[in-house]
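Open the model in your viewer and keep the selection panel at hand. The stops below go helix by helix.

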Amino acid sequence: MQYERHTEIHPPVRPVRRRAHALTAAGLLVALLTTGACAASDDIRGQGLKSASDDKAAAPAAAGAGAGEKSAARSADGPSASPETASSLVTHVIHTATLELEVKDVAKAVAVARSAVTKGLSLGRIEEETTERLDESREGAHLVLRVPQNDYGRVLDELAGSGKVLSRTSNAKDVTGEVVDVESRIATQRASVARIRDLMDKAEKLTDVVTLEGELSSRQADLESLLARQESLKNRTTFATITLELSEPYEDGKDPEEETGFLDALGGGWDAFVTMLRWIMVAIGATAPFLAAAAVLVLAWRLLRSRLPQRRTTPQEPSEAPQAPPAA
């Protein structure tokens with residue numbers, strides 16, 4: 001009986017053990033799979049983060065390489081920066097000079113000045129030229145020269161060497177800030193005009209179109225004013241201005257205004273006296289016809305007055321009183 005009990009109890013235990021082993025194996029397999037999946041995901045995530053960090057690290061390098069290529073291309077091809085940046089890097093200066101010379105021959109000096117301005121590939125020009133006679137034996141000339149900035153010093157030295165320098169002044173004015181400001185305002189104004197035009201294209205109401213047209217006209221006028229100012233600055237900074245005064249010396253080499261003595265004062269007084277008499281005679285000659293006419297009228301009036309009969313008025317005598325009749 002005990003054997004039978006044993007045989008009856010033992011068979012159910014074997015399947016339980018197998019089932020326990022199977023569950024254990026399944027749990028281990030699930031744990032392995034889960035661990036592998038987590039490891040794989042961690043590897044993938046790590047690779048992704050690594051690639052992202054590599055990309056981020058490579059981005060500055062690429063940007064630096066691109067900037068280096070751009071700077072290399074800029075240095076090879078020339079300045080390609082914006083107008084404002086380029087203008088801020090360049091100095092804009094207005095050069096002006098005034099030169100007064102004493103020369104032996106004004107005509108030859110003018111020819112020398114013209115040759116100095118237009119020498120070689122220079123684009124200089126004579127903007128104004130005036131020649132006049134100062135007195136009976138002397139001539140003078142006034143010239144305004146416009147020369148490129150690169151030729152400014154050369155032309156000024158050549159002109160100074162063509163005669164005796166009486167006076168020389170030069171001036172240099174830095175207008176770089178003004179040039180940059182005008183260029184910036186032009187860019188802003190152009191963008192404003194473009195926005196107004198875009199709004200006009202999208203406007204549907206007539207009142208909106210009229211209002212935008214007025215605003216566009218005002219901003220366009222401001223833009224044209226800024227462009228004109230920019231052109232003026234460009235002209236004055238590209239070309240320097242030299243004002244040249246030429247005069248011939250006196251025959252005796254002395255200026256008569258520098259020496260004034262008694263004889264000079266006497267001669268000046270005599271000239272003034274003669275001039276005064278001359279003007280008096282001119283005044284008398286101008287008024288003589290009127291004086292003659294007035295004299296004739298006065299004479300005629302006197303003659304007529306003398307010929308008219310004079311009326312004599314005698315005093316009336318008092319009447320005698322009537323005599324009384326004699327008494328009877």
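Are H5 and H6 roughly parallel or roughly antiparallel to each other? This is a predicted model, and the first stop is this pair. Select residues 176-202 for helix H5 and residues 206-238 for helix H6. Their axes are 9 Å apart and the packing angle is about 155°. An angle over 145 degrees counts as roughly antiparallel, and therefore H5 and H6 are roughly antiparallel to each other. Turn the view to look through the pair: H5 passes H6 in a left-handed crossing. Colour the contact of H5 with H6 by residue type, and it divides into 13 nonpolar, four polar and 10 charged residues.

Next, select residues 106-117, helix H3, together with residues 152-160, helix H4. Here the helices pack at about 160°, with 10 Å between their axes. That angle makes H3 roughly antiparallel to H4. The crossing of H3 past H4 is right-handed. Show side chains for Ala113, Ala116 and Val117 on H3, and for Arg154, Val155, Glu158 and Leu159 on H4; these residues make the contact. By type, five of the contact residues are nonpolar, two are charged and none is polar.

Last, select helix H7, residues 262-307. How far apart are its end C-alpha atoms? The distance is 64 Å, which agrees with the 68 Å that 46 residues should span at 1.5 Å a residue. Then centre on Ala288, where H7 bends by about 45°. A proline, Pro289, follows within four residues.

Notes. Residues are numbered from 1 along each chain as its sequence is written. This is a predicted model: local features need pLDDT of at least 70, side-chain atom pairs count only at pLDDT 80 or more; totals for chains, interfaces and linings use all residues. Side-chain values use heavy atoms; hydrogens and water are left out. Axes are lines fitted to C-alpha atoms, for helices over the stretch in contact, and angles run from 0 to 180 degrees between N-to-C directions. Helices (H or I, at least four residues) and strands (E, at least two) are DSSP runs, numbered from the N terminus. Angles under 35 degrees count as roughly parallel, over 145 as roughly antiparallel, 65 to 115 as roughly perpendicular and the rest as oblique. A crossing is left-handed if the near helix is turned anticlockwise from the far one by less than a right angle, and right-handed if clockwise. Contact means heavy atoms within 4.5 Å. Ala, Val, Leu, Ile, Met, Phe, Trp, Tyr, Cys and Pro count as nonpolar, Asp, Glu, Lys and Arg as charged, and the others, Gly among them, as polar. The expected span of a helix is 1.5 Å times one less than its number of residues. The bend at a residue is the angle between axes fitted to the seven residues ending there and the seven starting there.
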